[in-house]
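The entries follow in the order in which I checked them.

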Amino acid sequence: MNYLFLFRMIKTSVGRKQLMAVTGLLIASFLFIHLAGNLLLFKGEDWYNGWSELLIANPATIYIEIGLLFLFIIHITMAVWVRTEDLINASYRKYDMSRWHGGRTIGSATMLYTAIIILVYLVFHIIHFRFADKSIGVYQMVVSAFRSPLFVSIYIIGSVALALHLSHGFQSALETLGINHIKYNVYIKIAGYLVAVCMVFFAVISLYFYFGLDLREIADASNIVEMTIE
Amino acid sequence: MEKNKFSITLRVWKQKDASSKGYFESYKVEGIIPDMSFLEMIDVLNEKLIKQGKEPIFFESDCREGICGCCGFVVDGNPHGPDEHSTVCQLHMRRFKEGDVVTIEPFRAKSFPIIKDLIVDRSALDKIIAAGGYISVNVGSAPDANTIPVDKNTAEKAMDYATCIGCGACVASCPNSAAMLFTGAKIAHLAYLPQGKPERTKRVLNMIKVMDSLGFGNCTNEYECEAVCPKEIKVGAIAKMNREFLFANFLSEEEPQLPPVFHKSTVDVPEDE
């Protein structure tokens, strides 16, 4: 057996980027499943708790979680490696007048900073939700957290950082894997921005509960009950 | 004619050699004719400086018609000047007006040590080419044209990438000092043509290996290189290189070896320059 190609993947600049791209895309696809699950919060307590029980009951879940952990480790290791080299290189190019020529976007220029924000947010998110006390039910746990302005602002910052990260990350990953074609480039760009917009929905969900929009229907319903009693 | 003449202030990077510390020096340039090219303007200034017994500004140029890739420095933060998709020798003084302060600096990158003033050592790019930017042909008289059929679209695409003049503006503009657009263009140019097929696998693996060893950075797909390239080479070149690498790395059965001249000791940028 010849494993050299795996080492070459890590040893070359392009290979490291390709590992980063593949793991990044896989993490992004996980985020869509995550988001789809979160949308059940709008459907109410039974639906969301049902989804959560489904995940806990499934024996594959734990292995998927371990897999995700490895994806994150690879993605972050490669990013730190690539970025360290780039920062060393950047220290050699100190222009007196520096300007950008239209290639850079807000997303691409802030990849490192959004990555750090996402990592901090992720650690907080996992400690707070994954390893939390779930005795009151997952739905109540999530909703009560979103009533706090501090939590909601953390979630907004996290998902906006995620959206910015993916606005560049999606098309960058495809480019790194060699997917760039004069016919499809514009669609890839649009798809990247759509993916980014989807990530904002995580913040929309937390805002929905912060402003108590879920209680409105219950309030309406109780009014109807009261009216019928009268 | 006389009334069209104007004057500007040039802030020029002066540096004795790679190891000395550089600084900016200001020169007042008078009597500039709008039809002058930027390099001609420096020529006029240099003649004046030489007559005054001062040291002239050192810069590199050869063909002065935008096809050789010899000239190149950064004008007001723009590699090759403010004009899009042209070399600095094609920049004309009509782009400037009376009283402008123009800053010119060399291309700055880890792999481009400064030789003097605005001249940088771009031999690192030659080393990347030597690692795989060639094809094998029989020696002797030139082979007949069109013995290997190449359709027009493929030929055009290869030609688009072959227009790379190796000026180094992509490296200068890249936030990470990566030479991906250059290496990508050279790989894509030969990968699209049937003549490039025999060395296809070896080429991409060797060129990327040498590129990495010379201290060029990683690509973060910011596309700054594409924006400043005087030959309008698209980042499709980088994608093609990535694709070639992916296939070469995973699908090739042979184990590529660097040619003997490319052992580590000779690849490194020589210290004595």
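I began with contacts (heavy atoms within 4.5 Å): among those in chain B between residues at least 6 apart in sequence, 72% join residues at least 24 apart. I noted that this is a predicted model, in which local features need pLDDT of at least 70 and side-chain atom pairs count only at pLDDT 80 or more, while totals for chains, interfaces and linings use all residues. Residues are numbered from 1 along each chain as its sequence is written, chains are lettered from A and ligands numbered from 1 in the order in which they are written, and side-chain values use heavy atoms, with hydrogens and water left out.

I then checked burial (under 20% relative accessible area, 1.4 Å probe, protein chains only) and found that 53% of the 273 residues in chain B are buried.

Of its 80 residues, Leu10(B), Phe38(B), Met41(B), Phe73(B), Ile104(B) and Phe216(B) touch the most other members. This core takes at least three residues from each of domain 1 (2-115) and domain 2 (123-267) of chain B, with bounds from an automatic or database domain assignment. Leaving aside neighbours within four places in sequence, I listed the contacts of Met41(B), which include Ile8(B), Val29(B) and Met93(B).

Last, I read the pLDDT, the predictor's confidence in each residue from 0 to 100: chain B averages 89, and 92% of the residues score at least 70. Over residues 269-273 of chain B the pLDDT is below 50, and beyond near neighbours in sequence this stretch has 7 contacts in the model.

Key
Core = buried A, V, L, I, M, F, W, Y, C linked by side-chain atoms within 4.5 Å. Buried < 20%, exposed > 50% of the residue type's maximum accessible area, 1.4 Å probe, protein only.
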